[in-house]
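User: Hi! Could you walk me through this model? I'd like to start with one residue and then zoom out.

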Amino acid sequence: MSTYQELKGLKIKYLSADTSGDRKVDGEVFYNSTDFNLKSFVATAAWHSTANLTHGRASLAAAGTVPAGLVFGGAGVADMTEEYNGSGFSNGGGLNTARQALGGAGTQTAGLGFGGYISAYSALTEEYNGSSWTESGDLATARQYVAGAGTQTAGLAFAGRGSPGKTNSTEHYNGTSWTSGGNMNTARAYLAGCGTQTSALAFGGSSTGTTGITEAYDGTSWTEVADLNTARLSLSGAGESSTSAIAFGGSPSNKNETELWDGSSWAETANLATGRAYLAGFGTKSLAVAASGGSNSTAAEEFTTTLTATTAAAWSSGGNVNNARRNAGCMGTQTAGLYAGGFGPPYVNYSEEYNGTSWTEGNNLTIARECSTSGFGTQTAGAVAGGGAPDNISSPYGGYSNSTDEYNGTSWSEGGDINSHRLGMATCGTQTAGFGAGGYQGANHPESPPSNTAKCEQYDGSTWTEVADLNTARSSMGHFGTQTASIACRGTSNPTESWDGSSWTNISASPIVFDGGNHGGGTQTAGVVYGPRSYNATELWDGTTWATSVRYSTSRGGNNAGDASAGLLVGGFTGSGNSNATEEFTGETTAARAVKTIDFD
């Protein structure tokens, strides 16, 4: 009989406190002499929501691991590629040939896509280098709903539907061309697969009907092994080899069942939160992602078997503002927010404070104005600048202002004027170190003709000073960070620009391109942007790349406060009217699971 040390490579320790450090592993057993208990750390399997894809689709392919995954092709946006970084998805290079129901293998920086359906069954093969796809040698057998495994230089394609029907053929890829491998025992399509070219697993699908048949491949021949507990087709899965895999989803009836394979049998584990079919999967048995699926869903979920618990990013409802309006200035934090001005119509001078639960009306701005994205600072030291306001201008809605209002936690007073009248200037920073970028200059001012501007100005608490222009003139963009280190993104065009205190540099574009209503918060290395009205998107910035996050509930061009871990989205325009809704954003968090006490009673 094996001892615990032989099984786990660890002795049962006698400790005065719970074990920690590199001994805190799944199955570690120890005796705590302080509370007189035998204890253990036990990993828990669970699915949790992760960020949405940028575009919904079904019958797509996948490759890679977590946190470096790849999805591509699919019904709806059949040439699109998206990359996963562990938090969300961002756009990659598009396939040369748009198609759905194709197979995938490899990694995020060395991917492989093959087969599929265009207007007929396809034999096309493309390789991905982390940024773009290149065509390579065709499959010998054109087919759709084909399964894949392996790498870009040692790939495997098996089964699928071609002409005249479902096939059992297997093909090996060497980085250039395909050659025949051993035939499967059961011809089928709509199956899932994983592993390597010499240690692969095929499971589920449709043969003469829905099946749970599982076959293992050793590089030469296929062998039938134990069936899935739930027979299904149009499922997905992931895994490292023929002895370690996970299967999830499928049809009929949009299944949510998840099963783990240990080399000899399938065992049921935690279900997907949302049952779906025609989805894609990538990763390993203990860390996988299920992406998109039927009805062209954008949803994704992440599976973990770990000693930590992950709480996905989420939006929740907060207290409604007292006066529904749009294009107000918003600043502060999720539990100490400030919302000032806006447009009803007409322009309003309302000011409200948020305590994390409800809004309370305070003293009004010095003038009624549509502040747009121009709120910066805190609840007790805030400011709004520019925007739409009467400003002694003769026009239907007054004109554009260059004035600044400052808030001291009780009342508003006039501050220094901006050098350029404008609407939609995007701001960040503090009341005494503010930064405004871009905006829209109207025809009724000296800065005519009407146009987007690239002008930037910084505020020291009394005076605005012009600094270097943006590389791209635009308005209604997101802007977050500090006076010396900020990010400007989206707006009436899609570049992202980084500010170093003296100049702007173009960097990665946001994956979702939208004009207007974009608002952001956070720092130059950890930011978030929301909106706009037509698309309730949330995107996270990690200092290098953008990735999608969970969407908020009410599509609108709202105004925001807070940062990438705790944000606030307030009011805005829904397309049919002004909103009074408040939503609160909480970023993804992880926490260690509690130690388990072993009870012998």
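User: Great, so is Gln197 buried or exposed?

Analyst: Gln197 is buried, at 17% relative accessible area. Buried means under 20% relative accessible area, exposed over 50%, and partly exposed in between, with a 1.4 Å probe and protein chains only. Keep in mind that this is a predicted model: local features need pLDDT of at least 70, side-chain atom pairs count only at pLDDT 80 or more, and totals for chains, interfaces and linings use all residues. Residues are numbered from 1 along each chain as its sequence is written, and side-chain values use heavy atoms, with hydrogens and water left out.

User: Thanks. Where does Gln197 sit in the fold?

Analyst: In the loop between E17 and strand E18 (200-203). Helices (H or I, at least four residues) and strands (E, at least two) are DSSP runs, numbered from the N terminus.

User: And which backbone oxygens does the Gln197 side chain reach?

Analyst: One is the backbone oxygen of Gly155, 2.8 Å from a polar atom of the Gln197 side chain. Another is the backbone oxygen of Tyr173, at 3.2 Å. For polar contacts, the rule is a pair of N or O atoms within 3.5 Å; within protein, one must be able to donate a hydrogen and the other to accept it, and residues adjacent in sequence count only if both atoms are side-chain atoms.

User: What else is Gln197 in contact with?

Analyst: Leaving aside neighbours within four places in sequence, the contacts of Gln197 include Gly150, Leu156, His172, Tyr217 and Gly219. Contact here means heavy atoms within 4.5 Å.

User: Zooming out, how many helices and strands does the protein chain have?

Analyst: One helix and 56 strands. Of the 601 residues in the protein chain, 55% are buried. Among contacts between residues at least 6 apart in sequence, 51% join residues at least 24 apart.

User: What about the accessible surface?

Analyst: The accessible surface of the protein chain is about 22300 Å², and carbon and sulfur atoms account for 47% of that. Areas come from the Shrake-Rupley method with a 1.4 Å probe; for residues, only the protein chains shown count as cover.

User: Switching to charges: how many salt bridges does the structure hold?

Analyst: Twelve, counting a side-chain nitrogen of Lys or Arg within 4 Å of a carboxyl oxygen of Asp or Glu. One of them pairs Glu126 with Arg99, with the closest N and O atoms 3.0 Å apart. That pair links distant parts of the chain, 27 residues apart: Glu126 is in strand E11 (residues 125-128), and Arg99 is in the loop between strand E8 (89-91) and strand E9 (103-106).

User: Are Glu126 and Arg99 buried or exposed?

Analyst: Glu126 is buried, at 0% relative accessibility, and Arg99 is buried too, at 1%.

User: Which residue does Arg143 pair with?

Analyst: Arg143 forms a salt bridge with Glu171, where the closest N and O atoms are 2.7 Å apart. Arg143 lies in the loop between strand E12 (133-136) and strand E13 (147-150) while Glu171 is in strand E15 (residues 170-173), so the pair ties together parts that are 28 residues apart in sequence. Arg143 is buried at 0%, and Glu171 is buried at 2%.

User: What about Arg188 and Glu215?

Analyst: Their side chains meet in a salt bridge at 3.1 Å, N to O. Arg188 is in the loop between strand E16 (178-180) and strand E17 (192-195), with Glu215 in strand E19 (residues 214-217), 27 residues apart. Both Arg188 and Glu215 are buried.

User: Now Glu240. Where is Glu240 found, and what does its side chain do?

Analyst: Glu240 is in strand E21 (residues 236-241) and counts as partly exposed at 38% relative accessibility. Its side chain makes a polar contact with the side chain of Ser244 (2.9 Å) and reaches the backbone nitrogen of Lys285 at 3.2 Å. Glu240 and Lys285 are 45 residues apart in sequence, yet 7.1 Å apart in space, C-alpha to C-alpha.

User: Last one: which residues make up the largest nonpolar core?

Analyst: There are twelve in all, among them Leu53, Val71, Phe89, Phe282 and Ala300. Strand E25 (280-283) and strand E26 (287-291) each supply at least two residues of this core. A nonpolar core is a set of buried Ala, Val, Leu, Ile, Met, Phe, Trp, Tyr and Cys residues joined through side-chain atoms within 4.5 Å.
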